[in-house]
Amino acid sequence: MSVASAPEKRPEYENLGIGANLAYGLQHVLTMYGGIVAVPLIVGQAAGLSPADIGLLIAASLFAGGLATLLQTLGIPFFGCQLPLVQGVSFAGVATMIAIIGSDGAGGLPVVFGSVIAASLIGLLITPVFSRITKFFPPLVTGIVITTIGLTLMPVAARWAMGGNSQAPDFGSVANICLAAFTLFTVLALSKLGNASISRLSILLAMVVGTLVAVFFGMADFSQVLEGPLVALPSPLHFGAPEFQVAAILSMLIVIVVTLVETSADILAVGEIIETKVDSKRLGNGLRADMISSSLAPLFGSFTQSAFAQNVGLVAVTGVKSRYVVATAGLILVTLGLLPVMGRLIAAVPTAVLGGAGVVLFGTVAASGIRTLAQVDYRNNMNLVIVATSIGFGMIPIAAPSFYHHFPAWFETIFHSGISSAAIMAILLNLTFNHLKAGNSDQQSVFVAASERTLRYQDIAALHDGDYFRNGKLYDADGNEVPLVDAHHHAAPPPRPQMRAASSSSA
């Protein structure tokens, strides 16, 4: 067997044929479809765009995600890990983009696009050395950031459930909130009662059911769906030329670093799942594909691109390891991106329906962060306080949106985003307490769980009937103190060699 033929033996190189590629590829698209359209929906709503323009944002995100998926799965020299990874708009930047848009509405979109382009190009430059700084982004930091992303988005879900437009006469009406509650109930019911396939598509299906109910009660308007072209190429710079502001770029750079960490984890995870080798070169190629896709996506009207974790899970569940299956999913996404009518159809979904689905969707993001934080060691260190302080700091802009109004504009842009606030605090505290350990005390905080106390079996086995402890000392049944012996002490044995508080023997 020649060395040249060895790569063809890798599981990801298996080609299952056109039929299977289409079927499994469509399953990948359906699994991540709700997630990929949610970001342009959220950002479009925040920018006050018309349904037609939101439809263009959605189409652009599908188109850019499809191209990014093709680059990641098929690859070109220096770009693409050639693994079954679906790419799409990253949730990590939503809160930051909403903060950048701020009160400017649609006028803030060019600044968002400019910040994504600049931060992604910086990310592209640091990919060669990123493996050296990943130690500064352990699960402690990434878990805090992901949890804060989910929590920061919950007010968006609440506003959606109330109707979305605070100026509308029915904002916060019982009808809107009941429609959101019905959608939420449908998500939970499908997750519990449906089979595995239905459960994975529960959010998308619940949005369909909720929309049908809204149509029945006259709460949905699809009159503008057919206004505009059915098929069209994405229009470059439709929302204006990108604008580059330093504060916005710095804020987005934090999101890019988090994206690099998440994509690194996804690449390594999918490599383990399909049992193929992932070396530093392959990891670097994957990260570069992520960054170049993110830097080009805003030209079409989309945002940061990253690997979708739910599709990594789908690979594990189905056992389908071929990268050509996911490349087919990329082709399907590109095709959908050429159909702006699909974007307008999704944009016409009642906002209250989105609110019900958003509770689960955004809550899932927060739950993923909590799951990551569960991997952290909290014994005899300051990690618990780091988590508490960072998440609390990240919640300040949510609890008091005007908290930073009197600070300089650049400062407010960075810290008005809960995700940026939490990330900066988590990174600084992690460096202070876990990397710069000079000055750390043995008992760091009353809030911290101390190291667990353990007693070896051989120590208990050496106890005699009637032995007891008093004031930290061990006595036998006759009241004689039993001496303690250092496990590494080699002097003559004590009067009761069979009873030692610390034994060096191996039972």
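The lining of the largest cavity comprises nine nonpolar residues, three polar residues and no charged residues. The structure is a predicted model.

- One cavity of 30 Å³ or more is counted.
- The largest cavity holds about 90 Å³ of space.
- Its lining consists of Gly34, Gly35, Val37, Ala38, Leu41, Trp160, Ile203, Met207, Leu354, Ala357, Gly358 and Leu361.
- Two or more lining residues come from each of helix H1 (18-46), helix H8 (202-216) and helix H14 (351-373).
- Helix H1 makes the greatest contribution to the lining of the largest cavity, supplying five residues.

**Geometry of the H9 and H10 pair**

- The axes of helix H9 (residues 246-273) and helix H10 (residues 280-300) come within 10 Å, and the crossing angle is roughly 135°.
- Angles over 145 degrees count as roughly antiparallel and those from 65 to 115 as roughly perpendicular; H9 and H10 are therefore oblique to each other.
- The crossing of H9 with H10 is right-handed.

**Contact between H9 and H10**

- On the H9 side, the contact is formed by Ile256, Thr259, Leu260, Thr263, Ser264 and Ile267.

Terms used:
Residues numbered from 1 in each chain as written. Predicted model: local features only at pLDDT ≥ 70, side-chain atom pairs only at ≥ 80, totals over all residues. Heavy atoms only, no water. 1 Å grid on protein atoms, 1.4 Å probe; cavity = no way out; pocket = protein on both sides within 12 Å on 5 of 7 lines; lining within 4 Å. Points joined across faces, edges and corners; volume = space filled by probe spheres on them. Helix = DSSP H or I, 4+ residues; strand = E, 2+ residues; numbered from the N terminus. Nonpolar A, V, L, I, M, F, W, Y, C, P; charged D, E, K, R; others polar. Axes fitted to C-alpha atoms, helices over the stretch in contact; angles between N-to-C directions. Parallel < 35°, antiparallel > 145°, perpendicular 65-115°, else oblique. Left-handed = near helix turned anticlockwise from the far one by under 90°. Contact = heavy atoms within 4.5 Å.
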